[in-house]
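These are my notebook entries on one protein model. I wrote down what I looked up, one topic at a time.

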Amino acid sequence: MATSEELNEWDRHYLWHAFTQMAEHEPLIVERGEGCFLWDTDGKRYLDGVSSLWCNLHGHNHPQLNAAISGQLAKLAHATTLGMSNPPAIELARRLAQITPGDLEHVFYSCDGSSAVEVALKVCFQYWQQCDAPKPKKKKYLAFGNAYHGDTLGSTAVGGIQHFHEIFGPLLCEVVRVPSPDRRFGTTEEHLGKLGAVLAEQHETIAALVIEPLVQGAAGLLMQGEGYLRGVRELCTRYEVLMIADEIVTGFGRTGKLFACEHENVVPDLMCLGKSLTAGYLPMAATMVTSKVYEAFLGEYHEQRTFYHGHTFGGNPLAAAVALASIDLVEASKMLSEVLPPRIEQFCLRLQRLEQHPEIGRHLGDVRQLGLMAGVDLVADRENNIPYEAHQRVGYQVCKATTEAGVWLRPLGDVVVLIPPPVISEEELDLLFDALTQSLLKICVEIAVQPQA
Ligand SMILES: *Cc1c(COP(=O)(O)O)cnc(C)c1O
């Protein structure tokens with residue numbers, strides 16, 4: 001067995017981490033999990049304050065989820081879905097069709113969220129080439145400022161976060177960009193007005209619109225106003241633009257409902273699922289499509305209506321088995337009706353207390369929450385709306401201090417992101433906020449009194 005020191009050294013040298021400046025990478029090596037906690041190789045415990053990057057639902061090392069995987073493992077680890085099928089993949093497809101809104105009836109499997117979005121984009125393009133009333137001029141996508149839909153080239157193209165996506169510009173397909181529907185920068189009517197104007201002018205060339213419903217996650221949990229998503233649905237219908245809802249973050253209860261679209265009674269034409277689909281246990285993603293979309297791909301072999309796209313491990317039986325077990329647990333634990341409501345109430349209360357804290361409050365800008373997701377903007381001066389300077393890396397420092405205190409958080413710039421697993425207990429959620437409060441006191445207050453460089 002390698003020692004912690006060796007693992008640290010090898011991690012720095014061999015393992016190129018996602019979204020990480022490796023020149024200054026500081027390893028945190030976890031080897032064990034239980035419930036909402038993770039343990040590192042030195043035995044130090046961390047509360048998982050961001051659900052292992054927004055995907056854990058029922059806690060780590062859950063006996064029922066483990067049993068689903070080992071039970072399936074004893075039968076079959078993997079078989080292809082090209083030309084054959086397997087029981088968990090079939091049952092999961094049926095289950096997803098039942099629990100997602102409306103007539104999202106058909107499931108295309110992939111292994112990560114980016115690919116699920118990629119599938120949705122390609123399906124929409126091909127749809128307009130070959131549906132009953134083809135509109136072959138529809139070749140572009142409409143996406144929003146600050147959007148994040150993944151890191152493959154198609155999903156990067158629809159992404160709108162400048163410092164992630166700008167450098168790849170020359171590689172990407174053309175996208176019609178509408179400003180972020182952030183509710184701080186316009187009413188629902190104003191945002192819908194902007195979208196409507198763009199659609200009125202360009203709908204003839206737009207195949208699909210892709211949106212993160214209610215919350216733009218990676219941009220810093222930017223929230224949309226009430227009625228916005230419903231308005232988007234109406235506009236998409238009116239202008240014959242397919243609506244892709246990217247529920248990769250918001251799906252499976254994060255927002256307080258099973259899917260964010262349900263808050264607005266919206267049925268998209270396509271829905272992308274990932275992250276929590278397997279409760280954060282195994283890589284799997286899905287693109288759900290309505291019958292209308294699906295049927296455009298049916299025909300005789302020689303008609304060339306087939307969707308020529310696939311992923312080697314799509315529909316993997318181990319992943320499907322744990323996804324099914326997770327959905328069972330969501331239902332059996334009454335996650336939506338009983339587990340989440342008191343936790344969300346406590347979550348809101350603790351966020352309020354942070355904002356009202358005499359010393360910390362001055363360093364919090366906007367504080368946004370939906371369900372068990374929150375984004376907390378750190379600012380040098382709330383009253384005069386002065387941000388910290390980027391080089392101060394305040395978000396990073398606050399989360400580092402919180403992690404040292406035993407609560408793992410990962411920021412987005414100067415936004416502290418809180419996305420605890422829905423199963424977090426009252427005591428654990430208090431622990432999270434207590435640790436965060438202490439590090440905010442330490443970092444924000446300290447930095448504020450330092451002379452500016
Ligand atoms: C994480 C995420 C993706 C990409 O999923 P990966 O599994 O990381 O490829 C896509 N869309 C949204 C909204 C996400 O948050």
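**Entry 1: the seven-stranded sheet.** Before I list any sheet, I note that two strands count as paired if DSSP finds at least two bridges between them. The model I am reading is a predicted one. With that rule, I found an open sheet of seven strands in the order β4-β12-β11-β10-β7-β5-β6, and its pairing is mixed. I then looked up the edges: β4 (104-110) and β6 each have a single partner strand, so one side of each has no neighbour in the sheet. On average, neighbouring strands of this sheet are turned by 20 degrees against each other, direction ignored.

**Entry 2: β5 and its partners.** I recalled that strands of a sheet pair through backbone hydrogen bonds, in either a parallel or an antiparallel way. Which strands does β5 join by bridges that run parallel? Three bridges link β5 to β7 (residues 206-211), and the two run parallel. Four bridges link β5 to β6 (residues 175-178), also in the parallel sense.

Entry 3: Helix α8 (residues 188-202) lies across β5, β6 and β7, and runs at about 170 degrees to β5.

Entry 4: I looked up where the UniProt record places the feature "modified residue: N6-(pyridoxal phosphate)lysine". The unreviewed entry gives K275. In the model, K275 sits in the loop between β11 (270-273) and β12 (285-290). Its relative accessible area is 30%, so K275 is partly exposed. Leaving aside neighbours within four places in sequence, I listed the contacts of K275 as L53, W54, C55, I248, V249 and G280.

**Entry 5: the four-stranded sheet.** I found an open sheet of four strands in the order β1-β2-β3-β16, with mixed pairing. Its edge strands are β1 (30-34) and β16 (407-408), each of which pairs on one side only. Strand β1 is joined by four bridges to β2 (residues 37-40), and the two run antiparallel. Among these pairs, V30 has D40 in β2 as its bridge partner.

**Entry 6: helix α11.** I checked the length of α11 (residues 317-332). At 1.5 Å a residue, its 16 residues should span 22 Å, and its end C-alpha atoms are 22 Å apart, which agrees. Helix α11 is mostly covered, as 13 of its 16 residues are buried. At its start, a side-chain oxygen of N316 comes within 3.0 Å of the backbone nitrogen of L318. After α11 comes K334, with a positive phi near 50 degrees.

Definitions and conventions
Residues numbered from 1 in each chain as written. Predicted model: local features only at pLDDT ≥ 70, side-chain atom pairs only at ≥ 80, totals over all residues. Heavy atoms only, no water. Expected span 1.5 Å × (residues − 1). Buried < 20%, exposed > 50% of the residue type's maximum accessible area, 1.4 Å probe, protein only. Polar contact = N/O pair within 3.5 Å; in protein donor to acceptor, adjacent residues only side chain to side chain. UniProt positions renumbered as here; feature names shortened; annotations may be inferred. Contact = heavy atoms within 4.5 Å. Axes fitted to C-alpha atoms, helices over the stretch in contact; angles between N-to-C directions.
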